[in-house]
Amino acid sequence: MESTLLNAVLVGLVGVFCMLDSRLLGRLNFEQPLIGATLVGIVLGDVPTGLAVGAAVELVSMGLVSVGAAVPPDMVLGGIVAAAFACLTDASAETAMTIAIPVAVLGQLLGIVFRSIIVVLGHVSDGEIEKGNFKAAYRMHIVWGTVLYSLMYFLPIFVAVFVGTDVVQAVVDMIPDWFTAGLNTASQILTAYGLALLLSMMLNKGMTVFLILGFALASYLGLSVTAVSIFAVLLALILSSIKYGQGGAQMAVAGGADADYDPLEDDDDEF
Amino acid sequence: MADNTAIESTSKTKKLWQFFWRSWAIQDSWNYERQMNMGFLYGLVPTLDRCYPDESDPKQLEAKKEAYRRHMAFYNCTPQTSAFVLGLSASMEEQYARDRASINPDAINAMKTSLMGPLSGIGDSFFQGTIRVIAFGLGVSLAQQGSILGPVLAMAISIIPSVLVTWFAAKLGYEGGNNFLQKLQSGNMMDRIMYVCGIVGLMAVGGMIATLIGATTPATFSDGTLVIQDILDSIMPQMIPLALTGIMYALIKKGVKTGWLLVICIAGGIVLNVLGILA
């Protein structure tokens with residue numbers, strides 16, 4: 001029982017570290033399921049499991065980026081909890097990930113509550129400025145912001161790991177084989193979903209050809225993602241110098257207002 | 001109010017490091033109302049305290065309150081590129097504190113507001129859309145083979161550009177960001193960066209569809225003599241992952257809610273597996 005408590009605290013602290021990455025370190029990407037799950041694997045002494053769960057959850061969450069006000073299901077939280085379950089019970093990476101998704105949705109709800117609480121802090125801060133308590137005003141940001149965001153991760157992870165491990169183990173013991181095999185297929189479809197989400201943010205009209213090109217290089221020629229990326233950088237540099245390069249810029253300057261737009265629009269039609 | 005010693009005596013390097021660290025901490029109190037407003041204020045606190053050091057002077061105290069209030073306005077931008085806005089705002093604030101006739105303080109917030117859009121656009125598509133996708137695309141493919149190098153490499157690829165961009169953004173912003181900005185906007189530079197990021201990101205995702213999903217079909221025709229997967233592979237390898245991604249993309253574009261899509265993925269996976277269509 002004591003070790004469960006210790007494990008729950010350790011995994012909770014991993015969660016705090018990952019959350020504070022985007023709060024205090026400008027999102028260096030420690031706040032990603034792959035990193036969170038690997039760190040859980042390290043603190044719980046089962047790195048291979050951490051890596052496997054991290055890779056699986058990372059693929060689903062690729063497209064779930066917090067942009068603006070929309071809060072996506074919190075897959076970092078989900079990934080950390082899933083990795084802990086996989087390390088502490090017999091659950092496979094796929095099973096652990098399926099358990100993680102409800103936790104991720106709960107994390108999303110909790111995130112909404114906490115981000116609303118911070119709205120109130122903003123108004124407290126306004127009041128402190130009026131009173132001339134400048135230090136108190138910015139402490140709302142650097143002290144209370146840090147505390148609230150840390151709790152936002154620590155609490156659900158701690159509770160899930162502390163209370164949930166035995167329950168999860170009991171559930172895992174009851175799962176039939178066809179279900180486990182099905183979850184494996186589901187994880188592949190979830191990966192497709194993650195990539196599709198990413199595309200829904202990136203794909204502009206006329207750019208689809210680059211997606212297909214990347215796919216074809218990897219599927220027909222068997223290139224790795226690294227190789228595809230290197231070709232992509234080279235191709236992008238060549239094309240951008242054709243599209244925006246010196247020739248185009250000079251024409252635009254020489255041709256006056258109307259000519260400014262023509263070269264660009266012609267290019268758009270081609271792709 | 002001519003006490004500018006604090007502004008002039010602080011070294012530029014120290015100021016730049018302050019923009020650097022504080023732009024990274026800008027999301028620490030992200031909220032639904034004014035988003036990164038307190039984060040932005042926090043970024044300018046050292047500057048404002050240098051501009052108005054003497055709180056016992058009622059005139060300075062009022063000016064300081066006014067400046068603090070000014071930077072509690074709505075703000076939202078990528079942390080790394082925010083260093084540019086912090087640097088530029090700080091140089092404008094210092095100018096305003098030196099000579100209150102030289103700058104209209106409303107121009108500072110107007111500048112912030114006009115920079116948020118383009119700088120988040122570039123910042124997000126560069127860090128979230130390109131760097132993150134490549135770093136974790138590579139990281140996941142190594143991690144799937146059980147290599148700890150996966151996460152290590154992903155972090156290295158993430159951290160290096162982040163540090164470089166933040167530092168130079170702070171430097172450019174503080175040392176004459178206005179000139180730089182005009183150059184950037186006149187020469188199509190913004191469009192060009194977005195275009196390059198778009199191509200690289202999309203090609204990487206295309207490669208990931210082909211390498212990371214790996215769904216196949218176990219289905220056969222006429223007593224196992226005709227393996228459907230072999231036929232598909234001879235036409236286009238990894239055709240099933242491509243189709244799955246296409247279907248999910250169409251569902252997202254139709255506006256199906258995230259929760260339902262997750263249910264569809266999990267239930268669909270189990271059903272298709274039990275029916276022997278996918279494995």
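How much area do chain A and chain B bury between them? About 8,900 Å², with 74% of it on carbon and sulfur atoms. Keep in mind that this is a predicted model.

Let's stay with that interface. On the chain A side, Phe134(A), His141(A) and Phe215(A) lose the most area to chain B. Together they account for 9% of what that side buries. By residue count, 98 residues of chain A are in contact with 96 of chain B.

Now the polar part. There are 18 residue pairs in polar contact across the interface, both partners at pLDDT 80 or more. Two salt bridges cross it as well. One joins the side chains of Glu130(A) and Arg69(B), at 2.6 Å from N to O.

Which helices of chain A supply the surface that touches chain B? Those giving at least two residues each include α1 (2-24), α5 (93-131), α6 (134-174) and α7 (177-202). The most comes from α7(A), with 20 residues. Sort the residues on this side by type, and you get 61 nonpolar, 29 polar and eight charged.

Last topic: cysteines. How many disulfides does the structure hold? Zero, over all chains. Take Cys18(A). Its closest cysteine sulfur is in Cys87(A), 14 Å away. A disulfide needs the two sulfurs within 2.5 Å, so that gap is too far for a bond. Is Cys18(A) buried or exposed? Buried, because its relative accessibility is 0%. Over in chain B, Cys265(B) is buried too, also at 0% relative accessibility.

Key: Residues are numbered from 1 along each chain as its sequence is written. Chains are lettered from A and ligands numbered from 1 in the order in which they are written. This is a predicted model: local features need pLDDT of at least 70, side-chain atom pairs count only at pLDDT 80 or more; totals for chains, interfaces and linings use all residues. Side-chain values use heavy atoms; hydrogens and water are left out. Buried means under 20% relative accessible area, exposed over 50%, partly exposed in between (1.4 Å probe, protein chains only). Contact means heavy atoms within 4.5 Å. Buried area is the accessible area (1.4 Å probe) that two parts lose on being put together, summed over both. A salt bridge is a side-chain nitrogen of Lys or Arg within 4 Å of a carboxyl oxygen of Asp or Glu. A polar contact is a pair of N or O atoms within 3.5 Å; within protein, one must be able to donate a hydrogen and the other to accept it, and residues adjacent in sequence count only if both atoms are side-chain atoms. Helices (H or I, at least four residues) and strands (E, at least two) are DSSP runs, numbered from the N terminus. Ala, Val, Leu, Ile, Met, Phe, Trp, Tyr, Cys and Pro count as nonpolar, Asp, Glu, Lys and Arg as charged, and the others, Gly among them, as polar.
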